[in-house]
Amino acid sequence: SQRFRAYADYGAAFTDYAKLLRNRYGEALRAGDDAGAFAQGLAQGGYATDPAYAGKLKAVIASVAMAGA
């Protein structure tokens, strides 16, 4: 199992997260600005153990989009 990481500041945490995405979830990043495809790419890449992760993330994205409309 992996340990939790600790960071000196938010910048270091975001930099590490971006590195993780580039290295492991490149397919998701190729979705461009299609948030649904990004969520699907993360799930297909093994980002979450919940098999319904992509659908749940898409639902959150849709609710945020509707709130901003």
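## The crossing of H3 and H4

The crossing of H3 and H4 is right-handed. This comes from a predicted model. Helix H3 covers residues 35-44 and helix H4 covers residues 53-68. Their axes come within 8 Å and cross at roughly 155 degrees. An angle over 145 degrees counts as roughly antiparallel, and H3 and H4 are therefore roughly antiparallel to each other.

Which residues of H3 and H4 make the contact? On the H3 side they are Ala 35, Gly 36, Ala 39, Gln 40, Leu 42 and Ala 43. On the H4 side they are Tyr 53, Ala 54, Leu 57, Lys 58 and Ile 61. Sorted by type, the residues of this contact comprise 8 nonpolar, 2 polar and 1 charged.

Leaving aside residues up to four places away in sequence, Gln 40 touches Ala 54 and Lys 58.

The class lies between buried, which is under 20%, and exposed, which is over 50%. Gln 40 can also be placed relative to Leu 29: the two are 11 residues apart in sequence, and their C-alpha atoms are 11 Å apart in space.

## A residue in the loop: Thr 49

Where does Thr 49 lie? Thr 49 is found in the loop between H3 and H4. With a relative accessibility of 83%, Thr 49 counts as exposed, because the cut-off for that class is over 50%.

Thr 49 and Phe 4 are separated by 45 residues in sequence. From C-alpha to C-alpha, Thr 49 and Phe 4 are 17 Å apart in space.

## The chain as a whole

The chain has 4 helices and 0 strands. Read along the sequence, the pattern is α-α-α-α. Taken along the principal axes, the C-alpha atoms fill a box of roughly 35 × 25 × 20 Å.

How much of the chain is buried? Buried residues are 14% of the 69 residues. The chain exposes about 5500 Å², and carbon and sulfur atoms supply 58% of that area. Among contacts in the chain with a separation of 6 or more, 6% are between residues 24 or more positions apart.

Conventions. Residues numbered from 1 in each chain as written. Predicted model: local features only at pLDDT ≥ 70, side-chain atom pairs only at ≥ 80, totals over all residues. Heavy atoms only, no water. Axes fitted to C-alpha atoms, helices over the stretch in contact; angles between N-to-C directions. Helix = DSSP H or I, 4+ residues; strand = E, 2+ residues; numbered from the N terminus. Parallel < 35°, antiparallel > 145°, perpendicular 65-115°, else oblique. Left-handed = near helix turned anticlockwise from the far one by under 90°. Contact = heavy atoms within 4.5 Å. Nonpolar A, V, L, I, M, F, W, Y, C, P; charged D, E, K, R; others polar. Buried < 20%, exposed > 50% of the residue type's maximum accessible area, 1.4 Å probe, protein only. Areas by Shrake-Rupley, 256 points an atom, 1.4 Å probe, with all protein chains shown as cover.
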